[in-house]
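Hi everyone, thanks for making time this morning. I'd like to walk you through one model, going from salt bridges to the nonpolar cores and then the pockets.

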Amino acid sequence: MKILLFLVAVISVVAGQVPKPCVAPKLWEARMAQIDPSKRFFERARISYDAVNQRTRIVEEVNVFIVKEYFDILYLADVGKEYRVNLKTKRCTVKDLTEPFRPFEVPPNATFYGESYIGNGAAPGEGVLISLWGGELREPRGARYMGSFTNTGCLPVEDGFFSERTGFIHTTFYDVVAGIVDPNVFIPPRECS
């Protein structure tokens with residue numbers, strides 16, 4: 001009987017040490033930088049993200065080779081539409097979305113890769129502890145991801161995504177704030193009326 005109790009205690013301690021995926025905020029805003037070195041593509045943007053209603057607004061500066069473009073893009077996955085305004089020409093294009101909404105979160109089936117500090121982990125308050133997660137997505141088929149999230153608050157820090165269609169895309173988030181300051185950011189731009 002003592003051995004059985006000992007085994008139950010050991011299993012409980014071991015199982016309690018397996019990290020569980022954190023739950024990221026469903027609504028947040030941030031700045032982001034995205035890069036695809038193979039295409040010589042770099043983007044800086046402001047993002048408003050709503051996982052509840054599956055919508056994202058991105059106001060971006062895109063650099064491809066030496067050309068700079070500026071866009072205001074609204075993705076409304078719940079209605080399957082993308083509204084894209086070229087901020088130089090004020091021209092709007094509306095098209096059907098071809099990809100499913102991909103949440104910036106730790107999926108329940110994610111594999112835990114470890115923890116790391118951004119900054120100094122040796123001195124209190126001088127670093128941020130993050131958890132690294134990754135795995136394979138169901139859609140698009142064969143897509144893989146890797147993400148890092150803060151241990152406190154589960155805020156997104158980095159996102160790596162690979163699919164046959166897109167190749168590898170690396171995104172870094174900073175100045176992340178939970179919540180949406182102006183919910184009107186998810187209304188299609190007036191240029192698209």
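Let me start with a definition: I call a residue buried when its relative accessible area is under 20%, exposed when over 50%, and partly exposed in between, using a 1.4 Å probe and protein chains only. A word on the source: this is a predicted model, so local features need pLDDT of at least 70 and side-chain atom pairs count only at pLDDT 80 or more, while totals for chains, interfaces and linings use all residues. Residues are numbered from 1 along each chain as its sequence is written, and side-chain values use heavy atoms, with hydrogens and water left out.

With that in hand, take a look at Asp-50, which counts as buried at 1% relative accessibility. What does its side chain meet in a salt bridge? The partner is Arg-55, at 2.6 Å from N to O, and Arg-55 is partly exposed at 21%. By salt bridge I mean a side-chain nitrogen of Lys or Arg within 4 Å of a carboxyl oxygen of Asp or Glu. As a reminder, side chains of opposite charge can pair when their charged atoms come close. By this rule the model has 11 salt bridges.

Here are two others. Glu-82 and Arg-84 pair at 2.9 Å; Glu-82 is buried at 6%, and Arg-84 is partly exposed at 23%. Then Asp-159 and Arg-102 form a salt bridge at 2.5 Å. That pair links distant parts of the chain, 57 residues apart: Asp-159 sits in strand 10 (residues 156-163), and Arg-102 in the loop between strand 6 (92-96) and strand 7 (111-119). Strands here are DSSP runs of E with at least two residues, helices are runs of H or I with at least four, and both are numbered from the N terminus. Asp-159 is buried at 7%, whereas Arg-102 is partly exposed at 23%. There is also a salt-bridge network linking Arg-44, Glu-61 and Lys-68.

On to the nonpolar cores, meaning sets of buried Ala, Val, Leu, Ile, Met, Phe, Trp, Tyr and Cys residues joined through side-chain atoms within 4.5 Å. The largest has 12 residues, among them Trp-28, Met-32, Tyr-49, Phe-101 and Phe-173. Strand 1, strand 2 and strand 11 (167-178) each supply at least two of its residues. A second, separate core has 10 residues, including Ala-110, Ala-143, Tyr-145 and Phe-161.

Finally, the pockets. On a 1 Å grid over the protein atoms alone, a pocket is an open set of points where a 1.4 Å probe fits, with protein on both sides within 12 Å along at least five of seven lines; lining residues have an atom within 4 Å of a point. Points are joined across faces, edges and corners, and the volume is the space filled by probe spheres set on them.

How many residues line the largest pocket? There are 50, and Glu-99, Pro-100, Arg-102, Phe-161 and Arg-165 lie nearest its centre. Its volume is about 1,600 Å³, and strand 3 (residues 55-64) gives the largest share of the lining, with five residues.

The second largest pocket holds about 170 Å³. Its lining includes Glu-29, Arg-31, Arg-46, Arg-57 and Asp-72, and strand 1 (27-36), strand 2 (41-50) and strand 3 each supply at least two lining residues.
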